[in-house]
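Trainee: Could you walk me through the pockets and the cores of this model?

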Amino acid sequence: MKALKISHILIAFVIILTILVSSCEAIDTDGSLPPDSAAPDTTDLIDSGGDEASALPSIADVVTLVKLSVVAINTEYVSYDVFNRPYEQRAAGSGWIIDEDGIIVTNNHVVEGADSVTVTLADGRTFPAVSISTDSLSDLAIVKVEASDLPAVKVGDSGALRVGDWVIAIGNSLGLGISATKGIVSAQNVSLSVSAGQTLDDLIQTDAAINPGNSGGPLVNLAGEVIGITSLKVSQVGVEGMGYAISSDSAMPIIEELIQNGYVVRPWLGVGLYTVDEYAIMTYGLEVDEGALITLVAAGSPADEAVLEPGDVITSFDGEAITSAEGLIQAIHSKEIGQTVEIVFWRGDTQHTTYATLIESPPPS
């Protein structure tokens, strides 16, 4: 009986020893897996990681290239408190040098209504604006200073951008000096209503951080070319990473007109407008519930020649249905100077049709 127990113990010992020996053969003394094991090959992972790292953009090089061409714009306004007492108000924005002879691009809203505009260059020199040309519809402006041999930045082709491309916003963020933020192109050809009667089209949406003071500054690609003019940011609660820039392709024709003429020439009808709403219906006793209400007709304008009057409501323009003042403005600007258009309007409870020949918009007064 004891011999049987001993034999059982010996058999168990041999089995355990065999298992231990087999386990030791599977592991080298340095702890590495044997050559014939199914270990994953990490060479490709390491190589691809290295390639990806080397492909990341050199933001510093781009900023160095462009920063000398970006300026801080400071403005002063006279405002009035609740007791109608005047006080001085200051604001800050950005701009960029498009011509070495002191021509600077910015946003209209940066300089609009300012009593004083000064430009501070990257080297610290400050110049007062000697002339300002603006276009409120596109939110673009040109500021001229008495300076020469300035470092102008190159303008690029915004049409070559793709969603996902890297972009860099450079500007006078928060009025604290020139700084840079990076991001990607999030969307293209965006239209955004920024105020009554004003819609900005062909905007570039980016998640690059844009703050007050950035307005008017350049949005550049990795070649250091301006492909957009930073204009606005959606700052609603819960909304992040939605900044917008006017594309260079849309901006350049307007910028060139501002430089050459001082204003932008567009087709002109010569009317003041208000979108028909409940207030307009009640105030004017209108018989229609949508359209563009005429509030003013300029003397000698195409509208005057077409016998349009304040109180008329335009509901169709050259075959296009009109439901708002903004829609009519866009319809007018889509036509050619010298083009004759059909206008359908309501006067009281009667519908009429007239024709107007659009002319050049007059210089701003």
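Mentor: Helices (H or I, at least four residues) and strands (E, at least two) are DSSP runs, numbered from the N terminus. This is a predicted model: local features need pLDDT of at least 70, side-chain atom pairs pLDDT 80 or more, while totals for chains, interfaces and linings use all residues. Residues are numbered from 1 along each chain as its sequence is written, and side-chain values use heavy atoms, without hydrogens and water.

Trainee: Which element gives the most to the lining of the second largest pocket?

Mentor: A pocket is an open set of points on a 1 Å grid over the protein atoms alone, where a 1.4 Å probe fits, with protein on both sides within 12 Å along at least five of seven lines; lining residues have an atom within 4 Å of a point. Here 22 residues form the lining, with Thr199 and Asp201 among those nearest the centre. β10 (198–206), α5 (248–261) and α8 each supply at least two residues. The most, 6 residues, come from β10.

Trainee: Which residues lie closest to the centre of the largest pocket?

Mentor: β6 (131–135), β14 (267–268), β15 (271–275) and α8 (325–333) each supply at least two lining residues. Of the 21 in the lining, the closest to the centre are Leu137, Arg266, Trp268, His333 and Ser361.

Trainee: Which residues have the most contacts inside the largest nonpolar core?

Mentor: Such a core joins buried (under 20% relative accessible area, 1.4 Å probe, protein chains only) Ala, Val, Leu, Ile, Met, Phe, Trp, Tyr and Cys residues through side-chain atoms within 4.5 Å. α5 gives the largest share, 5 residues. Of the 28 residues in this core, those with the most contacts are Leu140 and Ile255.

Technical notes: Buried means under 20% relative accessible area, exposed over 50%, partly exposed in between (1.4 Å probe, protein chains only).
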